[in-house]
Amino acid sequence: MPLAEPVSDVDIERIVAQRVVPALSAQGFCWLDGVLGDVTGGAVLEQVRRMHLSGALKGGQLMRAAPGVKRSAVRGDRIAWVCGAERGCDAINALLVVIDKLVMSAARTLDRPISHRSKAMVACYPGGGAGYVKHVDNPNSDGRCLTCIYYLNKDWNTKEHGGLLRIFPEGKPYVCDIEPLFDRLLLFWSDRRNPHEVQPSYATRYAITAWYFDSEERAEAKRRCRERSDSENSNSSE
Ligand code: OGA
């Protein structure tokens with residue numbers, strides 16, 4: 001069910017009530033097509049392409065890199081973090097406004113204390129078999145609660161281009177494959193319920209991801225982190 005263009009707050013409330021909340025509650029993930037429409041979605045794609053062509057996307061750091069493991073063997077994407085207020089990012093900002101409204105509306109209905117999000121991660125898998133091995137975004141309660149990925153790939157042909165996002169729902173005997181299609185928004189719980197992988201991509205594959213925080217889990221994670229660094233400091237001064 002595509003969202004109308006331009007998407008109004010009433011449309012958002014309706015889609016959240018009819019699609020997002022039931023799917024997140026029942027299966028832990030949900031995707032929507034036609035989120036921004038051709039014009040605004042096309043403008044987002046253009047801005048991402050410009051970032052890519054200007055060299056703004058870089059190989060980022062691994063969170064927990066094992067010694068001797070090359071980043072590209074784990075994840076082959078190139079990324080940049082944007083808040084939306086940068087020059088040349090106004091369409092990306094419009095996307096973030098829509099996702100914020102969807103998520104805040106879902107959080108109210110689900111009674112989750114979601115208060116803020118990360119910057120947006122603009123990602124490009126440059127083809128040549130680049131992917132991202134199976135992982136959980138938030139395995140250790142770092143506060144990230146909901147992962148939202150907006151895909152930007154026109155004329156994507158999975159047989160030829162690969163690049164599926166495969167979710168392995170925890171404890172279920174099946175997997176769910178999501179094609180990274182233009183103007184599609186995927187939402188899923190960021191914790192251990194949704195291990196996922198990006199299968200090797202053989203064409204340039206663009207996506208924008210934002211992570212929404214549960215304010216209580218985030219506060220607890222920050223408290224743990226402060227305690228750890230206090231105890232490390234006191235140990236090192238002994
Ligand atoms: C990630 C990730 C999935 C995708 O960046 O952590 O799993 O479909 N991305 O791009």
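Analyst: Start with a cut-off. Buried means under 20% relative accessible area, exposed means over 50%, and partly exposed is in between. Keep in mind that this is a predicted model.

User: Why does Lys154 count as partly exposed?

Analyst: Its relative accessibility is 46%. Lys154 sits in the loop between strand 6 and helix 5 (158-161). Its C-alpha is 8.6 Å from that of Asp183, 29 residues apart along the chain.

User: What makes Thr109 buried or exposed?

Analyst: Thr109 has a relative accessible area of 54%. The cut-off for exposed is over 50%, so Thr109 is exposed. Thr109 belongs to helix 4 (residues 90-110). Its side chain reaches the backbone oxygen of Ser105 at 3.1 Å. Thr109 and Glu13 are 96 residues apart in sequence, yet their C-alpha atoms are 10.0 Å apart in space.

User: Now His135. Is that residue buried or exposed, and how do you know?

Analyst: The relative accessible area of His135 is 16%. Buried means under 20%, so His135 is buried. His135 lies in strand 5.

User: What makes the pair His135 and Asp137 a polar contact?

Analyst: Their side chains come to 3.3 Å.

User: Which side chains have an N or O atom by an oxygen atom of the ligand, and at what distance?

Analyst: His135 is one, at 3.1 Å. His196 is another, at 3.0 Å. Arg205 has a distance of 2.8 Å. The protein buries 96% of the 290 Å² that the ligand exposes when taken alone.

User: What else surrounds the ligand?

Analyst: The shell also includes Met121, Tyr132, Asp137, Ile149, Tyr151, Leu165 and Val198. At least two shell residues come from each of strand 5 (130-135), strand 6 (144-151) and strand 10 (196-201).

User: How do the shell residues divide by class?

Analyst: There are 6 nonpolar, 2 polar and 2 charged residues. Tyr counts as nonpolar under this scheme, and Asp and Arg count as charged.

User: How many cavities of 30 Å³ or more are there, and what makes a space a cavity?

Analyst: The count is 1. In a cavity, a 1.4 Å probe fits but cannot get out. The largest cavity holds about 30 Å³ of space. Its lining includes Leu24, Val103, Leu146 and Trp189. Helix 4 gives the largest share of that lining, 4 residues. By class, the lining has 8 nonpolar, no polar and 1 charged residue.

Notes: Residues are numbered from 1 along each chain as its sequence is written. This is a predicted model: local features need pLDDT of at least 70, side-chain atom pairs count only at pLDDT 80 or more; totals for chains, interfaces and linings use all residues. Side-chain values use heavy atoms; hydrogens and water are left out. A residue is near a molecule or strand if one of its heavy atoms lies within 4 Å of it. A polar contact is a pair of N or O atoms within 3.5 Å; within protein, one must be able to donate a hydrogen and the other to accept it, and residues adjacent in sequence count only if both atoms are side-chain atoms. Accessible areas come from the Shrake-Rupley method with a 1.4 Å probe; for residues, only the protein chains shown count as cover. Buried means under 20% relative accessible area, exposed over 50%, partly exposed in between (1.4 Å probe, protein chains only). On a 1 Å grid over the protein atoms alone, a cavity is a set of points where a 1.4 Å probe fits but cannot get out, and a pocket is an open set with protein on both sides within 12 Å along at least five of seven lines; lining residues have an atom within 4 Å of a point. Grid points are joined across faces, edges and corners, and a volume is the space filled by probe spheres set on the points.
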